[in-house]
Structures are given as C-alpha cells and as structure tokens.
Amino acid sequence: MQYGVFPFFRAHSTARAVLTALVLVPAWALLAAAAASSAPEAPQTPPPAAHPADAGDAGAALLWSTRAGDMAALVEEAVALQRNAEEHAQGVPDRLRTLRAAFTRLSGLFQASRGHPTDQLLLAMQMRALRRDITALAAPLERIAATVSRRRDELNALRKDLDAFTAQRSALPPGETEQLQRYSAALNEARKALNTAFTLTGRLLAPAESARDQINQAADDIEAGMADIWHDYYLNPADDEVLVPSDITALLGRRLARAFPASLADWKRVAVPFAGVALAAFLAALLGLRAVNNLPAEQASVCRGLLTRAWPRIGLGLALAVAAGNPRSAFYPALGLLGSLALISGVVSLGSRLRRVLEPAAAAVEPLRLMYLPSAAGALLLFFDLPPRLFGPVWDLCSVLFLTRLIITRRKSAEKPPVQERLLLGGAFWCGAAGIALSLGGYARPAVLVFMGYFALAAVITVGSSLSSLLEKVANRQFDEESAPLANAAAQALAVPAAWTAALFCTLPWLPAVPGASYISLHFLFADYSIGGVSLDLSRILIIVLLYFLCRSFIRLGKATLEHLPDRAPDIERGVIPPLRTMLGYGLWTLFAFIALSILGVDFTSLAVVAGGFSVGVGFGMQNIFNNLISGLMLIFGRTILVGDYVEAGGTAGTVRAVGIRCTVIETPERALVYVPNSAVMSGQFTNWTRHNRMVRRSLVVGAAYGSDSAAVSALLVEQARLHPHVLTFPEPAVLFSNFGDSALEFTLNVFIDDLNNAPAALSELRFAVERAFAAHGIEIPYPQLSLHLPDTKVATAGHERNTIPSFEGK
C-alpha cells in the first residue's frame, strides 16, 4: 500500500528531521512576521502586500491536513495488521498442540527403536517433515510481528516529534490546534491497534518458537547420530537370538504396513505425482523418437535402443521416487525402493547398450546384468531388516546362485570377452566369494553393502568409459579436425570430464536402495584422516581429482588453440608456438599444484621456510639444472632459436625440433636427435642459418683445363644455375674466376638456394648439369697431373751406351 508522502517519512531518521523542519519553519515564520508588523516601519523598506500571519496559518493548516491524511492511512494499515494477526491466530493453538503431540510421539518411538536403524530412518524423515510444518506455521506470524515492530518504532518516533513541536509552542492558532488534536488521536488509535497485534503475535510465537527450537534440536541430534547408528548396524556381528516364526511374520507385516499407503486418500495423493512424471517421461520418449529420425542410421539406431529400453525404466524409477517422497503425503519406503531398483535397472541397460555399441564382443558377457539380481535381492533383504540368523543364509544362497550363473555364462561364451569385461567379472566373482565368507562370519549386512558398492563402481566404470569413447567419436564426427580444429579440441577436452561426471551421477539410485547409505557415504566422505599432520577427507580428494581433469582439459584446449593460432593470425611465427604450449602446460599444472595444496590445508608460510632452506642446497647441488632452466627461459622468450631453424651449436648442426626447459633437441641430417643443454647453447657460440628466412648461399668450385675460353665457362655456369628450379634469380647467380690452379683454371659459382633443406640436392644437380654442359661444348675438366724431370743418366749396356730420362706422371 502507498500512503502519499508518508512512506518517505517512515524511511529513516533524516526524513523525520525534514518533517520537523517543515513544521517548525512556518511557525517561526509566523512569529517573525508578527514581530515585524509591530515594529516601526523603516523608510527604505516598502510595506508588505499581505499580512504574514494569514499566509502562515494557511501553510500550517495545509501541512497538518496532509499529515492527518497520512496518519489515517497508517491507522488503516495498523487495523489491517491487527485483523490479519487475529485471522492467523485462530488455528495456531490447536495446530501447535497437534505438532507437540506428534513430536512427543516421535521422540518416544525414536528412543524405543534404538536397535532398529531402519525404523529410525523413517522417524528421522518424519522429524524433518515435522520441522518443516512448525516452520511453515510460525512463518506468517513472524512476518506480521516484524511488520508490526517496524510500524511501532515509526509511531514512537512520530510521537516524539509531535511532543517536541508542542513543547516549543506556547500558543497555537485555533485551526492548527484542532489539526494537532486530530493528528494525536489518529496516532493513539494506530498505536493501540499495533499494540494489540504485537501482543497477540507475541503470545502465539513464544510457544511456537519454543516448540520449533525443541524440534530442531531433536532433529539435529537424530541427524548427527544416524551415521554412528548405521555404522554399528552394519559392522557389528550378528547376535545369537532365537528365531520365532510369529515374530518374523509380525516384522514383515509391520514393515509392509508402513511401507505402502494405508488408505485410498493416501493412494490418490501418491498417484497424482506418479502419473504426472510418468506422462512427462512418455512424452519425452515420443519427442526423442521423432528427433532421432533426423540422425544418421548408426546414431539413430543407438538412440532408439536407449529410448525404448533404458529410458522407460528410468522414467518409471523417477515417477516412483517422486511419488514416494511427495511433500503432501508421508514418505513410503517401499515405493522409494522400487523406484531405486527401476533406476538402477535403467542405468544397467544404459551402460550395457553403450558398451555393446563400442565393443560388440561385450554382448556375450554383461557384468552389470549379472550383478543386478543379487543386488536387488540384497536391497530387499536390507529393506525388510530380517533377523541376522535368517539374513545370513538367505544372502549366502543368493551369492551361491550368482557365482554359479557367472561361471556358467562365462563358459558358454563362444568368444573371449574384452579386457574390461574380464576384469569386472573377476572382481564380481571375488566380491561374491568374499560376501559368502563375511556372511558365514556373522557379517551378512556388510557383505551386501560391499557387493552393492562394487556393483555401483562397475556401473560407474562401464558408463564412464563408454560415454567418454562415444563422446570422443561424436566430437570427431561433428567437428572435423581440419575444418574446425578449435571446436574439435574443445569437444575432445570436455568429453572425458563430462562423461565421468555423468557416470558419477548414475550412482545416486544406489543411495536410497541401501538403507542408511546416504549417512554412511557422508560420514566417510567428510571424515577427517590425519596424515603427517595434514587433515584429509574424501571430499577434498574428490575435488582435487575433479580439478585435475579440468586442468588437463584446459591444457589440452589451450594447446590446441595455440597450435592453430598462426592459421588465424599469420603475423605470429609458428616457431614460437611450441614454447608457448610448454609454458602454458607448466603454468596451469603449477596453478593446479598450489590450489591442491591449499585445499589440503598446507600452510604456505611453513612451506616458504622449507623452500628457503631447500633453495640453498639446490643452489649448490642443482646449479647445472637451474642453469639450463634459466637458459631455456631465455631462449624461449628471447626467441633466439625457434623450432624449425637450422643451427650449429656445440659442434652439432641440424634442424631444431624442440626448445625445452632443460635442453634443445636438434635433428641432424643423418636423422639423429641430439639433446644439447640450453646452457651450452647460451654460453657457447652457435650459428642460426635460418633465423630470418630459409634462403642460403652455397658455392660450387669448378675447374677448366688450361686453354679453355674463360668467358664461355662463366656463361655456361651462370646459365646452368639459372635453369635450376631451386636457385633464386635474385640475388642472381655469380661466377668468380677464383684462381690459376696447378692443373686447371678455377671458377667459383655462388648461388642462393630457396631453402636450406634443398641445398645438398641442388648442388648435386648443378654438378651434373655443369658436367653435361662442359662435355657438350668441349670444355675439359682436368684431373690433377704431376710431371717429374731428373738429370741425364748414362746407362751401360752390353755393347753401347744410351741416355735415359725417366718421366713420372702422377694422378
């Protein structure tokens, strides 16, 4: 409701100060005008046009009239609050007595059922419902009481302002006095109505708040003790009690009586949400079947199988779960159990079908389908809470039947199952055998708990691995790696975390299927385990595992983005991408390490002290490693060497394949990988042949016989160089007459080859071309010759003498 300017006056103390000023200023103006009219008139001041007193009376009357209207609206609101409080108070005492009686009954039942945790679980649920009821009962009264309290404070402030104004005025005009009286009467009327509403709500809220505090305390105590109760229930050995058939029959009857609705009205309250959820699931299946017709044949077949086999079971389970926990009715455990078993059946069908699509050989042996029946039998045994001496033999029988079926199925399979199925079947076999041993030792309930826990783990592994593989295939099919590399990388990076997260959510149906599983899970999830002074719990470990997968996905996505960055930004050199990818990986993993340590509760102050002392030892013992590390960072960020450059460093020549943090990998022409420490690269001399471009100059030395036409030789060499496809025309080839050799005229052909990798082959082809051109033009390429001349020597023969000059020619 709005009341003119009055809400502004109620807003805060500044508004009340403004209201007081508006009242006092006209009053003092009236007094000043009266004093001015009685004083002698100054000759410089002209006489006023009208009497100031008349104008002051009119302004005051208008102001009090406005305030009276606002006060009337406030009185109306106060009366409405009083009426609203009286209406809400009519059924509160009776309802409060009913809730107190229910609380007393539940407290007595809870104390009497200390040895039956299943009954205590139902009582805990009813206690939570009782807490919701008492909160809903007190909520309207609390809202009314809060509103009444604010309005009373505002009325008290207005009363103080009115009293202060009245005390400052000794005499008031008759019209203003009448307005003030009406305003004061309205103020008293509003205060009376608000006091009545405040007293009524306070009288009702006091017992309601007391009852709510008691119920909240009792509910908190029950919730706090449930984990220990279920822990003792599952882990304590069976008692040697005597079985009486009548007691067993009574126990089963009592469990069934409280598990299902008892009246037609209760069945109606259950049927409405069940029908609504079932109809929604049916419509969703129809829409899904229509949508899969637009998919490719293989994908449509898979989706159609999931919608016709797995989804109906999941929809039935959801409908039963919603009907069992309907807020307008009581909780019915039997419906909740049936809903959980239906949901588990849907998860089994989902995992088996996905696995069959990816591994057709897995259809011969399906571990999840084999484990479902014994798990369902164990859930029913826990639900009915049979006496231990009957519980154990029944579970042993179920385990023996399961192992027999598993062995027969394994032997009947014609082909060898995949590795995952073999591992899961082996684990199921030993889990069943261990369950029989535990049951014989008096721990039948823990045996069921262990088997169902392994069943849930097998479902997570099957669904998670199948979904991750399927999502990766879908990502590769929908986003081609060549045309959409970033989308493909993003889909690949998010496929694994999304698949395993969905697989973990598939374990939720197991919680209501096992009585007390939620309490036990929370107990073990948040229980503190001290290791070396560090407090750990499973929840932190799970968060760290989730962060690990997220960090790995972000690294994969970031590296893929950097890898294709030069395609989108041609100004970025491709050689700088590998160092950036390396730094991204190191940076994100370092951030993950700090976050993980923070989650584990590691004190970074003490860690800094340890790191300071450790750095001293590192400085002496690992200085070479840190030298290489700093050198690697300088190479990466200084961009002195990039991947793909042809360098000579440390006596090794080759192409740079990687610039790492510790060393630089160089591939030699012989295809050998040489790992050169970064410190050797930075401290020694190295040559980068391709820092600016891949072009390289090479020289070819050719000899021509003495007497050859040197100009023709030069022209032939330039011509053959220009004809070669890998020799650049600019800078153009050049020939130098380099020397008069001992055996030939020596010419040097200088050429620029387009790429360093083409240089050896180009020089070889140039030599062949030059040899053919010289042969065609009659130019001889001489080989080295050596002539040795000796002094004349007389050789005596039989009958005459002759001079002999031996000549030696060497090649």
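Colleague: Where is Arg671 found?
Modeller: In this predicted model, Arg671 is found in the loop between strand E5 (663–667) and strand E6 (673–677).

Colleague: Why is Arg671 called exposed?
Modeller: Its relative accessibility is 64%. Exposed means over 50%, so Arg671 counts as exposed.

Colleague: What is the phi of Arg671?
Modeller: Arg671 has a positive phi of about 70°, although this residue is not a glycine.

Colleague: Why is Thr201 called buried?
Modeller: Thr201, which is found in helix H6 (residues 174–235), has a relative accessible area of 1%. The cut-off for buried is under 20%, so Thr201 is buried.

Colleague: Which residues is Thr201 in contact with, leaving aside its neighbours within four places in sequence?
Modeller: Ala85, Leu141, Ile144 and Ala145 are in contact with Thr201.

Colleague: Why is Leu286 called partly exposed?
Modeller: Leu286 has 39% relative accessibility. Partly exposed lies between under 20% for buried and over 50% for exposed, so Leu286 counts as partly exposed. Its place is in helix H8 (residues 264–291).

Colleague: Which residues form a nonpolar patch on the surface with Leu286?
Modeller: Leu279, Phe282 and Leu283 form the patch with Leu286, and together the four have about 390 Å² of accessible area.

Colleague: Which residues does a cis peptide bond join?
Modeller: The cis bond joins Phe730 and Pro731, with omega about -5°. Pro731 is found in the loop between helix H24 (710–723) and strand E9 (734–740).

Methods:
Residues are numbered from 1 along each chain as its sequence is written. This is a predicted model: local features need pLDDT of at least 70, side-chain atom pairs count only at pLDDT 80 or more; totals for chains, interfaces and linings use all residues. Side-chain values use heavy atoms; hydrogens and water are left out. Helices (H or I, at least four residues) and strands (E, at least two) are DSSP runs, numbered from the N terminus. Buried means under 20% relative accessible area, exposed over 50%, partly exposed in between (1.4 Å probe, protein chains only). Contact means heavy atoms within 4.5 Å. Patches are made of residues with over 30% relative accessible area and no salt bridge: like charges are joined within 9 Å, nonpolar side chains (Val, Leu, Ile, Met, Phe, Trp, Tyr) within 5 Å. Accessible areas come from the Shrake-Rupley method with a 1.4 Å probe; for residues, only the protein chains shown count as cover. A salt bridge is a side-chain nitrogen of Lys or Arg within 4 Å of a carboxyl oxygen of Asp or Glu.
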